[in-house]
Amino acid sequence: MATRVRRPAEFEEMLGELRDEGIFPTFKDVLVFAAALGFRRGNRKSFQKSSEPIDLEVFRGDFDRTIMSMIAIEENSDPKMLAPSNEAERVLCFEEYANGGLEIMKREISDGKQDSKHKRSEEHTSELQSQL
């Protein structure tokens with residue numbers, strides 16, 4: 001039986017930034033969002049190296065457990081995924097979709113920063129050209 005939800009170590013820095021900047025109040029909230037995003041975009045990624053796991057009881061809210069259960073039921077096409085005996089599989093499915101969602105978030109955040117830098121560079125160039 002699973003008692004903790006792993007956080008992928010690869011995204012630890014981004015998780016910290018998202019929480020510290022107030023975008024998400026907790027690591028748990030980032031993982032719930034990332035799992036839903038990963039599931040929606042079909043990006044399930046296994047991982048081995050994890051940072052400090054989060055106690056499963058932290059995911060006690062109705063919304064959190066509903067997302068976790070819905071993803072597992074849909075992934076396996078089996079409502080029996082709700083059985084207590086399938087908790088470890090539900091958590092693994094959630095962790096892997098969260099990892100996939102974090103990958104998407106990192107890519108889109110990085111692309112957004114690149115687009116922003118490119119746009120500022122273009123604006124600066126246009127400004128300089130207008131001064132000539």
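Biologist: What share of the residues of the protein count as buried?

Modeller: Keep in mind that this is a predicted model. To count as buried, a residue needs a relative accessible area under 20%. Of the 132 residues, the share that counts as buried is 36%.

Biologist: Among contacts between residues at least 6 apart in sequence, what percentage joins residues at least 24 apart?

Modeller: A contact here takes heavy atoms within 4.5 Å. Taking the contacts between residues at least 6 apart, the part that joins residues at least 24 apart comes to 74%.

Biologist: On to the charges. How many salt bridges does the count come to?

Modeller: Side chains of opposite charge can pair when their charged atoms come close. The cut-off is a Lys or Arg side-chain nitrogen within 4 Å of an Asp or Glu carboxyl oxygen. By that rule the count is twelve.

Biologist: Which parts of the protein does the pair R44 and E75 tie together?

Modeller: The two side chains meet in a salt bridge, 3.1 Å from N to O. R44 lies in the loop between helix 2 (27-40) and strand 2 (50-55), while E75 belongs to helix 3 (residues 62-76). The pair is 31 residues apart in sequence, so what it ties together is that loop and helix 3.

Biologist: Is R90 buried or exposed?

Modeller: R90 forms a salt bridge with E87, at 3.9 Å from N to O. Both sit in helix 4 (residues 87-131), three residues apart, so about one helical turn separates them. E87 has 11% relative accessibility and counts as buried. For R90 the relative accessible area is 9%, which makes this residue buried.

Biologist: Then what about D20, buried or exposed?

Modeller: D20 pairs with R19 in a salt bridge, with the closest N and O atoms 3.2 Å apart. R19 is partly exposed at 33%. D20 has 59% relative accessibility, and over 50% the label is exposed.

Biologist: Last one: which residues are linked with K28 in a network of salt bridges?

Modeller: K28 is the Lys here, and its partners are Asp residues. The residues linked with K28 in this network are D29 and D64.

Conventions: Residues are numbered from 1 along each chain as its sequence is written. This is a predicted model: local features need pLDDT of at least 70, side-chain atom pairs count only at pLDDT 80 or more; totals for chains, interfaces and linings use all residues. Side-chain values use heavy atoms; hydrogens and water are left out. Buried means under 20% relative accessible area, exposed over 50%, partly exposed in between (1.4 Å probe, protein chains only). Helices (H or I, at least four residues) and strands (E, at least two) are DSSP runs, numbered from the N terminus.
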